[in-house]
Amino acid sequence: MKRILIASFDMEVGGVERSLISLLNNFDYEHHEIDLMLYRHTGDFLNLIPPQTNVLEESKAYKTFRMSIREIVQSGNIRIGFARLLAKYRASLIQSPEIGYRQMQFMWKYTMPFLPKHTKTYDVAISYLWPHYFVAEKVRATTKIAWIHTDFSTVDIDVKMDLRIWKAYDSIIAVSEECKNAFIRKFPSLEAKVEVVENITSPDIVTALSEAEGEHAMAKEKRFKIVTVARLSHAKGIDRAIKALALLKKQGYENIAWFVVGYGGDEAELQDLIVENNLEESFFLLGKRTNPYPIMKAADLYVQPSRYEGKAVTVGEAQILAKPVLITNYPTAQSQVRDRLDGVICEQSIEGIAQGIADLYNDPQWRTELIRNCEQTDYQNSHELEKLYKLI
């Protein structure tokens, strides 16, 4: 029996967390004993963790990574609060549109001296979400594995600082071949360590959940329904979706309604953009949903307007539900769909998104072909776990 630790931040609703749930649900528990270390026990996906997984007790120190500096100080973790303040200051000295990545790096670097070591020893320790400091420096394990969910060609990080942490790992897992290649371009010296293990998809679970609540009320919407499931952040391109719909309206496409399932820090800004473009009756932010699948099932078209992705879990889930899919041409797009066969890749712009939607809207036969191709494709890939088992 192999003793395995998997570490991640929390179980809030998101693609990485959804992929972790799929991984845990498909794991071989007969030969593996799994401890799950969550830095904070929050999130609607907590109750989806399978009972065979042993969720470790929450740590007061690691819990601070999901707290504001004020909350940290009020909780009595003065030194950690000071380290976070220093990290914020250091990051502010760097001019970068992706300053959050730098701040995260500094946050871990300056906080590490004040964080406790993990007491147990494992055969394998897996760090499931970047940055990977905890497993690298605070866990004893024979084998250490880190996961890549991000297209590293799109993120601005301190390469030298990160390289020191990556060197602590025996293997690095990327969720797609394109993710792997982007990572190697940034860290060429680590090429020999990188393997591809795709996100595990569970068609039976997705299909069952899509029917769990019966027919969703959105199914009664008479307009052409677009659905997106994504975090409300710059990376996911929801601002471009709003502008693309505004452009379509100007071109005479009045019979379209767009529904976005998700939450995030950009919500207020996006609501303002919806009002600014007079789309209050056409573009809807539905908020967080533990089960987005009935809404996805009711869609006429699923659109992923992202600026970049590692590999969007929701795209695969839309395909499982046999939805026509349109995604932007982010660097890893080719790993998501077979262009014009089980999905469409459009130009990476507002105009490209609008044109892609218009083309599919105007061609019902094409949408039918995409649906049929999805229905004829087996998206079950639990065999991907065999690659992981070989590493552990």
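**Values against cut-offs**

Colleague: What does Val 313 contact, beyond its neighbours within four places in sequence?

Modeller: Val 313 is in contact with Gly 15, Arg 18, Ser 19 and Asn 199, leaving those neighbours aside. Contact means heavy atoms within 4.5 Å. A word on the source: this is a predicted model, where local features need pLDDT of at least 70 and side-chain atom pairs count only at pLDDT 80 or more, while totals for chains, interfaces and linings use all residues. Residues are numbered from 1 along each chain as its sequence is written, and side-chain values use heavy atoms, with hydrogens and water left out.

Colleague: Why is Val 313 called buried?

Modeller: Its relative accessible area is 12%. Buried means under 20%, exposed over 50%, and partly exposed in between, with a 1.4 Å probe and protein chains only. So Val 313 counts as buried.

Colleague: Where does Val 313 lie?

Modeller: In helix α12, residues 313–320. Helices are DSSP runs of H or I with at least four residues, strands are runs of E with at least two, and both are numbered from the N terminus. Eight of the eight residues in α12 are buried. After α12 comes Ala 322, with a positive phi near 60°.

Colleague: What makes Tyr 62 and Phe 134 an edge-to-face pair?

Modeller: Rings of Phe, Tyr and Trp (its six-membered ring) pair if their centres lie within 6.5 Å; planes under 30 degrees apart are stacked, over 60 edge-to-face, the rest tilted. By this rule there are 25 aromatic pairs. Tyr 62 and Phe 134 have 4.9 Å between centres and 70° between planes, an edge-to-face pair. Tyr 62 sits in the loop between β3 and α2 and Phe 134 in helix α5, so the pair ties together parts 72 residues apart in sequence. Both residues are buried.

Colleague: How do you know that Lys 288 lies over the face of Tyr 263?

Modeller: The rule wants NZ of Lys or CZ of Arg within 6 Å of the ring centre and within 35 degrees of the ring normal. Lys 288 lies over the face of Tyr 263, at 4.6 Å from the ring centre.

Colleague: What makes Lys 225 and Asp 300 a salt bridge?

Modeller: A salt bridge needs a side-chain nitrogen of Lys or Arg within 4 Å of a carboxyl oxygen of Asp or Glu. The closest N and O atoms of Lys 225 and Asp 300 are 3.5 Å apart, and they form a salt bridge. The pair links strand β8 with the loop between α11 and β11, 75 residues apart. Lys 225 has 6% relative accessibility, so it counts as buried. Asp 300 has 28%, so it counts as partly exposed.

Colleague: How many salt bridges does a search of the whole structure find?

Modeller: The search finds 17. One of them joins Glu 177 and Lys 180, with closest N and O atoms 3.9 Å apart. Glu 177 and Lys 180 are three residues apart in helix α7, so about one helical turn separates them.

Colleague: Which side chain of opposite charge is nearest to Lys 138, and how far away is it?

Modeller: Glu 137, at 6.0 Å. Lys and Arg count as positive, Asp and Glu as negative; His and the chain ends are not counted. Lys 138 is buried yet has no salt bridge. Its side chain does reach the backbone oxygen of Met 112, at 3.0 Å.

Technical notes. Polar contact = N/O pair within 3.5 Å; in protein donor to acceptor, adjacent residues only side chain to side chain.
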